[in-house]
Amino acid sequence: MERQGTVGGPPWPLPVALLAAAALAQVAGAAALFVAAPDLAHGIGYGPAQLGAIHLLGLAFLTVAITGSLLQLVPVLLRQPLGTPIRGGVVGTALAAGSWALALGLWSGRSGVIATGGTLLVVGGAILVIDLALTLARAARAGTLGASGAGIAAAGFWFAVVLALGALMAANRIHPFLDVDRTHLIAAHAAVAIVGWIGGTIVSVALRLAPMFALAHGYRRGPGTAALVAWHSSVIPIAVGLGLGIAPVAAAGGALLLCACGLAGWYVADVARHRRRRVEAPLVHLVLGLTSAAAAVSIMLAAWAGVGNPYRAAIPAVLLAVVGMAAGITSGHLFKVVPMLVWTGRFAHLAGTPGAPRLSDLYPTALAAAEQIAFVAGLALLVGGTAAGSPTAARAGAALLVAAALAVAAAVATCVLRRPGPRATPPDHSAGTLSASIHPSIHTQET
Amino acid sequence: MTEREAWEALAGVVDPELGIDIVELGLVYAVEVSEHAVAVTMTLTTAGCPLHDVIVEGVERALGRPGGPRVDVEVVFDPPWDPGRIGMGGLRELGAPGAGV
């Protein structure tokens, strides 16, 4: 007997399918980075392979993964369903297919493919934004919005802006009609996408999940809320500054974003200090991701202050933001979210019976460890190689990131395909658990 | 069913995400056994726990007997749960800092 992932959530195969598709797209995006690495190291940030890589990572991996996650997490966080399972399937399919088409169209320069991809993205994105708005409105009326809901609302707004800007740019590429500096427009589009939509959503959800996954209590919540406010507040000055080519405005937004990273780091450190379980992939990648985001902002602030060329500095900064922050945090959470979805769908009906499989039976510990090592080394080499102008180091880094992405995809596949049998013996945590449970008055927590 | 048997049965209900039984986790606040019903007052680690239904159904499954007393499970969040309620064995299994090997 299989069941839905959670109360009000869609049937579990839907979000899992989207997350699996996203994981495969991450492999493709990392492979595209491998192709683009030499150009990136030579300071060429704009080209067919670079466009393909950023859109495979940003859309086919991150946006599809976020969509799959939102379908599952919004009911948990806001206690309201997000759309319907059928609409969720339509949205996921349109976004996934549109992402691949757009990325491949931009790489190959084929207008028809670009147009097809853009259309699918707009259709899927519009349905998602509308469903998100309706759900958030219901949550607000029910009083279940909270800080996470407000963060998701802001991120949804940015997604709508990204789609609109992207559609304009795609249309302009086919039939030029915009009389604006294309570089500035691309920069503004990238800023809203990376900082607002992707970063805003990921950070909102990750900060909410961190204490749950770490089993942390007694931590200070204020810094986490302040971090989200600062994060989303930074998007407009960054985008406007980049779009109009006014560096001080962009720098002011960057400073605000750096504050957000610091506040989020403070919050995560407090959560980690109050944790009651060993550190797992989501927390590791969250720390790495916030560090990457702070490093990206710092690089750009330094460039605007006169240390290096801003256009040259933008390459390692974007890599840190997209790969280090966004892809890294998302990958880390896939190691936790996918097993939880699969277990709830397949084995929840065995809960309470002797020998029921546990989530840890689906959690790929070895793959998670291998992925973290490959990811950290790969990111360091890729970013360092592009900053130092070393194509060899950049390519080596991209190759390691391909390996890390393959580990994530393998972990998802293993989780879906593995069918653990019943446990042979009941759980034993020693320390007289059973006698204490029989006599609750002498249970350890009572003494 | 005696109260002892009820607690033993509850010790077999494992939080699937944490891998620790709900008694060791300190989630069970009270168990009352009468001729017609077994009443469990319990909590969860967080109010928004995504495994809420799974754990509650696990409790019902563990205590249910054909022809036996009705199982009533009440989930409360006052007093709120905190990790201080976890037994030392559970903390060690979770790898909590300071719990030792």
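**Reading chain B and its partner**

Tutor: Start with contacts in chain B between residues at least 6 apart in sequence: 61% join residues at least 24 apart. Two residues are in contact if their C-beta atoms, placed from the backbone, lie within 7 Å. This is a predicted model: local features need pLDDT of at least 70, side-chain atom pairs count only at pLDDT 80 or more, and totals for chains, interfaces and linings use all residues. Residues are numbered from 1 along each chain as its sequence is written, while chains are lettered from A and ligands numbered from 1 in the order in which they are written.

Student: Which pattern does chain B follow along the sequence?

Tutor: Helices (H or I, at least four residues) and strands (E, at least two) are DSSP runs, numbered from the N terminus. Chain B reads α-β-β-β-β-α-β-α. That gives three helices and five strands.

Student: What radius of gyration does chain B have?

Tutor: The radius is taken over C-alpha atoms; the globule rule is 2.2 Å times the number of residues to the power 0.38. For 101 residues, a compact globule would have a value near 13 Å; chain B has 14 Å, which agrees.

Student: How many residues of chain B are in contact with chain A?

Tutor: 44 residues of chain B are in contact with 36 residues of chain A. α1 (3–10), β2 (20–21), α2 (52–63) and α3 (88–94) of chain B each give two or more residues to that side of chain B. α2(B) gives the most, with eight residues.
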